Amino acid sequence: MSAVYETVIGLEVHVQLLTEEKLFCSDKAEFGALPNTRVCPVCLGLPGALPVLNGLAVDLALRAALALGCEVHETSVFARKNYFYPDLPKGYQITQFELPLATDGALTVTTDEGERTVRVRRIHMEEDAGKLLHDRVPDQTAVDLNRAGVPLVEIVTEPDLESPAEARAFLLELKQILGYLDVSDCNMEEGSLRVDANVSIRPVGATELGTKTEVKNLNSFSAVAKAIVVEVERQKALLDAGEPVIQQTLLWDEVVGTVRPMRSKEESHDYRYFPEPDLPPLKLDRARIDAARTSLPELPTARRRRFVEQYGLPVYDAGVLTASRGTADFFEELADAGTDAKAASNWVMGSLMELANQRGGEVSVLPVTAEDMAELLALVADGTISHGTGKDVLALMTESDRSAAEIVEAEGMAQVADEGLLEAWIHEVIAAHPDEVRRYREGEDKLFGFFVGRVMSLSQGKADPRRVNGLLKTRL
Amino acid sequence: MSIREIREAFNAGSGGPEAALEALAKIVRGESGNGSLNAFLCTVPEDALSEQAARAPTGRLGGVPVAVKDNLATSDLCTTCGSKILEGYVSPYEATAVRRLREAGALVVGKTNMDEFAMGSSNENSAFGPVRNPVDLARVPGGSSGGSAAAVAAGYVPVALGSDTGGSVRQPASFCGVVGVKPTYGRISRYGLVAFGSSLDQIGVLSRSVVDAAEVLGVISGHDPRDSTSSEREVPDLVGACSGDVDGLVIGVPEEYFPDTLDVQVRARCEAALERMEAAGATVRRVSLPHTRYAIPTYYVLATAEASSNLARYDGVRYGFRAPEAASAEAVYCRTRSSGFGAEVKRRIILGTYALSAGYYDAYYGRAQRVRERLACEFADVFAGGVDVLFTPTSPTVAFPLGERVADPVSMYLSDVFTVTANLANLPAISVPVGEVGGLPVGGQFIGPAWGESTMFRAAAALERAMEGSA
Ligand SMILES: [Zn+2]
């Protein structure tokens, strides 16, 4: 008989900070440069070179810590984590250990299972390592040190998550927050967000935690959820068979969909942490911490709630619109410019997001401002153009810098409200379809739509459908 | 010639590269054949030196030939740290101290031999052979800046740069009969100084006179944005300080530095020096620094712990020596480091790795840090109690014969007993010749309060004058 278990998950999330320069030198931290072209004596670990802390990276880490409700420490200390690996130029990574930047935060996430408050144990700053390239030189491993020294924060949660869905929701929420703060773009493909999951299970009702394993190499949000499911099943099978779960580090294999243990050599490190003597303790005075706190933007949760209350939007709309700060800003400008909030929401979630997706970005990548959009929606609202024509005008707006009014004018897209012209089109349609007219008059009501369609098509879509409706009724 | 004389001739346009070319000629002559000191690991070619001289700006060190310890990065000469693992390595950038020398008009004539990665007190740990003491070729010059001390003592160059982690400038200065100074930690940028014990390392100067040391120290000191541990404090006028009198100066003499086991002759020279200082107007006060007895173990725990991490980068992956025919990354590490490092370096890496390892950190590294803090407080209290500067012997003995202590690392470590405290307490210290024992030089050490280089130079220059007066 299989026991009933509950799952306990803690996450360790590495996030790349959006600074222009690396953490301890002035090389560019950009992604995608030719190997070993963004390096200098400091990040190469050349003899005699010394690290100098990038203050902008500290500011970003500070914002992240405050947004996650952490206590930021006025003194934190950089430490050396010692181990040998070919991608680690100095033979140690500069990180924070005993005295991290911040501790004791929390983040609340919502899933179908309800709300869950996840405690954040600590946030610390550290430098990234380089990258090993196994496919560049036949039979040899090459090293690219462009990433070496890129600034990261590591965010460590308490084991408060209880399902893969919650883990995924936590990561999505975290990504949104860090995006709002301009702290990180959390792009997993480019390695700017990396996740390790600590997973254990225990019989329902047990108070002690089960033995945990650490699952690494999770390169997408869906990989996180899939790997946790697989690992939980593996642990359940072990316990059901009366075998113990062994504490170890596992690698997720995305292709096969399994986890495999790291070689024991890979994990049997004694990192010999000690305070980094080349960097004085990081001092953040209260004033700097308070200033950073007051400069935080409204965060996604608060904004979602406000969109529902202030604009009367459905919860779903509020969630979609606030997923990125740029989109939420766009919507809000549009709504505040006098556009009906629900109409604005529909347009942003519909046509605008579709056009943005085609360009591989968010609404903010489109060359259309909220002001331009408000002008367009005013034309739809006052009947100058139809809803459908509005979409066409919008598409044209993204291809040139013409305003909605200019496009409608130049392309002759305004609806025709001139009764004479409408009468002529209706007359022509009625004359051309005597059978349908007879059947309609004998009670076949659904044919009304047929006549509207004919008139609209004769007008090449420019006839004002409301007027067409009215006139048709009287003429038929 | 003194720095002032060379500078005045050079800056007036009548000197040119003469002083530097003469220094180079002396080095080339002295370093060839039997009886060579083996003080240099590489020298600048003559035509390159002339070119350098032609481009050199006038300045505080205009035309002055300088030798530089081989653990300071120079872009035109080797930077090997006396190690096979860096044999042939040329740095793509220059140490801030070296750059400042050049900007002041100095001409770097060569890189000096040293104990491998500055680990040693006799210069016998160089992968490129020991340095000999110019005073007695059968004896060691001290270490680890033995090549720099020998080069100055032999008269090749008026000044040389060294580095001092536990006495590596002052002890060889004492053994070779020259002046050696290490300033307050943070006074000189460490950027480009190849790290041994980062929290203890400071660049220092060896010279034939106190004022020449002050001249060079004044040029290379001061904040450097590339070294976060370098101080933003203003650099005082050290040359001016050298002409100050010592009337009323209170010299503290810590009893722990004059133990019963101290060589009687060394003691006698130091006591005589103190008498001369009193004659010049200073007051001598006996003081106590009881934590000094823990200094050697504390120093060797901290220095080796930091070294074990600092030397991890020499792994054969990116630069320097790589063991041939290693099939895996792990084999590259093991073989490169096993055959690339010398015995003393490996001994210290193992010691330091142990001191930092899980389960031992608190007992060793943690405790040593606390003793270090206690020791620094003890010094601060003595200075706060009215002592202007401390005076001690620089080393318990004069230069010992080559080979004498090679087989006994602990006796070698104990030769640092009077010098390591200044590094542990981050204080400035200077060694000045105070006479000879059996033809071998004896050095006396002044230790100043933190950032108190002015007072220290004032005392050292006064002692130098008093010693000259007696000669
Ligand atoms: Zn760099």
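**Close-up views of a predicted two-chain model**

View 1. Helices here are DSSP runs of H or I with at least four residues, strands are E runs of at least two, and both are numbered from the N terminus. This is a predicted model in which local features need pLDDT of at least 70 and side-chain atom pairs count only at pLDDT 80 or more, while totals for chains, interfaces and linings use all residues. Residues are numbered from 1 along each chain as its sequence is written, chains are lettered from A and ligands numbered from 1 in the order in which they are written, and side-chain values use heavy atoms, leaving out hydrogens and water. The surface patch gathers A:E333, A:D336, A:E371, A:E375, A:D401 and A:E406. Patch residues have over 30% relative accessible area and no salt bridge, with like charges joined within 9 Å and nonpolar side chains (Val, Leu, Ile, Met, Phe, Trp, Tyr) within 5 Å. Asp and Glu count as negative, Lys and Arg as positive, and His and the chain ends are not counted; a charge is placed at NZ of Lys, CZ of Arg, CG of Asp or CD of Glu. Accessible areas come from the Shrake-Rupley method with a 1.4 Å probe, and for residues only the protein chains shown count as cover. A:E375 lies in helix α11 of chain A and is partly exposed, at a relative accessible area of 30%. Buried means under 20% relative accessible area, exposed over 50%, and partly exposed in between.

**View 2. A:Q16 sits in strand β1 (residues 5-16) of chain A.** This residue is buried, with a relative accessible area of 12%. Setting aside neighbours within four places in sequence, the contacts of A:Q16 include A:A29, A:R147, A:L152 and A:S192. Contact means heavy atoms within 4.5 Å.

**View 3. B:G443 belongs to strand β11 (residues 440-447) of chain B.** B:G443 is buried at 2% relative accessibility. Beyond residues up to four places away in sequence, B:G443 touches several others, among them B:S174, B:C270, B:P393 and B:V432.

**View 4. A:D160 and A:R119 join their side chains in a salt bridge, N to O at 2.8 Å.** The pair links distant parts of the chain, 41 residues apart: A:D160 is in the loop between β10 (151-157) and α3 (164-180), and A:R119 is in strand β7 (residues 114-127). A salt bridge is a side-chain nitrogen of Lys or Arg within 4 Å of a carboxyl oxygen of Asp or Glu. A:D160 is buried at 14% relative accessibility, whereas A:R119 is partly exposed at 44%.

**View 5. A:D278 and B:R190 form a salt bridge, with their closest N and O atoms 3.0 Å apart.** This pair crosses between chains, from the loop between β15 (274-275) and β16 (282-283) of chain A to the loop between β5 (179-182) and β6 (202-207) of chain B. Both partners are buried: A:D278 has a relative accessible area of 3%, and B:R190 has 2% relative accessibility.

**View 6. B:R348 pairs with B:E344 in a salt bridge, the closest N and O atoms being 2.7 Å apart.** The two are separated by about one helical turn, because they are 4 residues apart in helix α12 (residues 343-356) of chain B. B:R348 is buried at a relative accessible area of 2%, and B:E344 is buried at 9%.

Notes
Buried means under 20% relative accessible area, exposed over 50%, partly exposed in between (1.4 Å probe, protein chains only).
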